[in-house]
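Visitor: I'm new to this one, could you walk me through it?
Guide: Gladly; let's have it in view and then take your questions one at a time.

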Amino acid sequence: MTEARATDQVMAVRLLSLLLAGLLWLGVTLEHSGEVKLQVPVVLEHMPAGLLLASTPPGVLEVTVSGPRILLLGLRLRGAGCLLDLSGAQAGAASFSAPDGNFSLDRELKVVRVFPSAIRLTLVKAAPAPR
Amino acid sequence: MVLMSYLLQNIDVLQDLLDLLLTGLIIWRLARLMKTVLALRILTALLALVAGHLLARLLSLQTVRLIFDTFLASSVVVLAVIFQTDIRRAFAALIRSRAVKDVEMSDLIDELVFAVGGLSQKRIGALIVIERSIQVDSYLAVGTEIDAKVTSELISSIFLPYSPIHDGAVIIQRGKLTRAGCFLPLTQNFEVSKSLGTRHRAAMGLSELVDAVVIVVSEETGTVSVFVGGKKTTNLDPPALGKLLRRLVEQRWIK
């Protein structure tokens with residue numbers, strides 16, 4: 001091995017040590033708790049047959065989520081959605097709160113605030129189709 | 001100045017920077033306890049594991065994360081088992097007192113001087129390479145691997161004419177006799193006298209390529225020469241050889 005190569009290897013060890021330290025530090029820092037505010041689109045599913053939506057639901061919810069920063073970063077990258085299951089809904093006015101489960105978040109993430117806190121929908125029976 | 005005032009105003013940044021630097025320093029000091037090539041491999045493996053863990057966590061890949069976490073958690077034990085010899089050597093080097101090291105250094109040179117003196121008297125040719133900061137491995141051809149303590153008896157017996165490995169160089173690395181019967185690259189210097197034998201040409205050739213100290217005992221005249229950096233110091237008697245070796249070979253190269 002030449003002297004230059006030996007010096008290069010020592011430099012590489014220094015660089016890798018610093019890189020590893022950087023990654024470890026990043027790992028520790030990203031595990032600290034933080035909060036993030038997201039615009040979450042509302043998706044309605046399982047609309048009962050024969051019912052129609054009479055009111056306009058909010059397009060997005062403003063959701064504040066807390067948890068490890070690395071998961072919040074991942075959430076920012078992936079995005080989230082609010083699924084509203086209307087399978088048991090009946091005609092009339094109904095109010096849906098948005099619990100954590102609706103956002104399909106990681107178990108370590110918690111929803112701190114949701115605005116609006118409840119989604120109000122009015123469902124009406126659809127007129128029978130003319131024969 | 002602007003940077004200093006910024007850092008003082010944002011003590012968190014200063015804390016993070018200190019945290020990062022100290023972690024880097026600890027890892028680097030631990031890596032220095034091992035051989036450079038080994039340290040490079042371990043650091044690369046650890047980097048891959050930590051990076052994999054972070055990526056899996058970022059992308060919420062639960063199964064991949066489980067695998068990386070398991071590897072990371074057991075990496076300390078796995079590394080300790082795989083590299084137990086190196087770790088033991090590193091700790092031994094760490095706790096060994098300087099006095100003991102000096103004795104070892106003195107022992108090594110005394111053994112070499114005694115062996116060379118004996119070979120010179122009997123006019124038995126010898127070629128001994130003492131590795132310093134640059135590794136000589138890539139310049140050696142053939143050779144028999146030996147891992148032995150340097151003793152005058154061992155060196156003398158290797159160079160005895162009926163020994164199957166007498167026709168080559170003995171290599172001393174980190175204070176141990178690691179190889180014998182090695183062929184060295186011959187010098188390509190055209191200005192060298194044609195009367196210079198193959199053993200001397202080999203000694204000069206290697207010393208031109210690396211920083212090793214090469215001792216040659218002439219079979220014809222019994223004279224002792226030392227080659228360093230392609231330069232030859234000849235007609236050395238045992239005290240002069242000992243003095244020269246103590247000047248040329250530092251403690252860090254024989255530990």
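Visitor: What is the order of the strands in the open sheet of chain A?
Guide: In this predicted model, the three strands of that open sheet follow the order S2-S7-S5 in chain A, and their pairing is antiparallel.

Visitor: And which are the edge strands?
Guide: Those are strand S2 (51–53) and strand S5 (92–97) of chain A, each of which pairs on one side only, and from one strand to the next the twist averages 35°.

Visitor: How many bridges join S2(A) to S7?
Guide: Three bridges link S2(A) with strand S7 (residues 118–125) of chain A, the two running antiparallel, and within this part of the sheet A:Leu53 stands opposite A:Leu123 in S7(A).

Visitor: Switching topic, how many residues does each chain bring to the contact?
Guide: Chain A gives 25 residues and chain B gives 27 residues. On the side of chain A that touches chain B, helix H1 (3–30) and helix H2 (69–78) each supply at least two residues, with the largest share, 19 residues, coming from H1(A).

Visitor: What kinds of residues are on that side of chain A?
Guide: They divide into 16 nonpolar, six polar and three charged residues.

Visitor: Okay, and which residues have the most contacts inside the largest nonpolar core?
Guide: That core has 45 residues, and those with the most contacts inside it are B:Val116, B:Ile128, B:Val129 and B:Val170, while helix H6 (residues 98–121) of chain B gives the most to this core, with seven residues. Another core, of twelve residues, lies apart from it and includes A:Leu61, A:Val65, A:Leu72 and A:Cys82.

Key
Residues numbered from 1 in each chain as written. Chains lettered and ligands numbered in written order. Predicted model: local features only at pLDDT ≥ 70, side-chain atom pairs only at ≥ 80, totals over all residues. Contact = placed C-beta atoms within 7 Å. Helix = DSSP H or I, 4+ residues; strand = E, 2+ residues; numbered from the N terminus. Nonpolar A, V, L, I, M, F, W, Y, C, P; charged D, E, K, R; others polar. Pairing = 2+ DSSP bridges. Axes fitted to C-alpha atoms, helices over the stretch in contact; angles between N-to-C directions. Core = buried A, V, L, I, M, F, W, Y, C linked by C-beta atoms within 7 Å. Buried ≥ 20, exposed ≤ 12 C-beta atoms within 10 Å, placed from the backbone.
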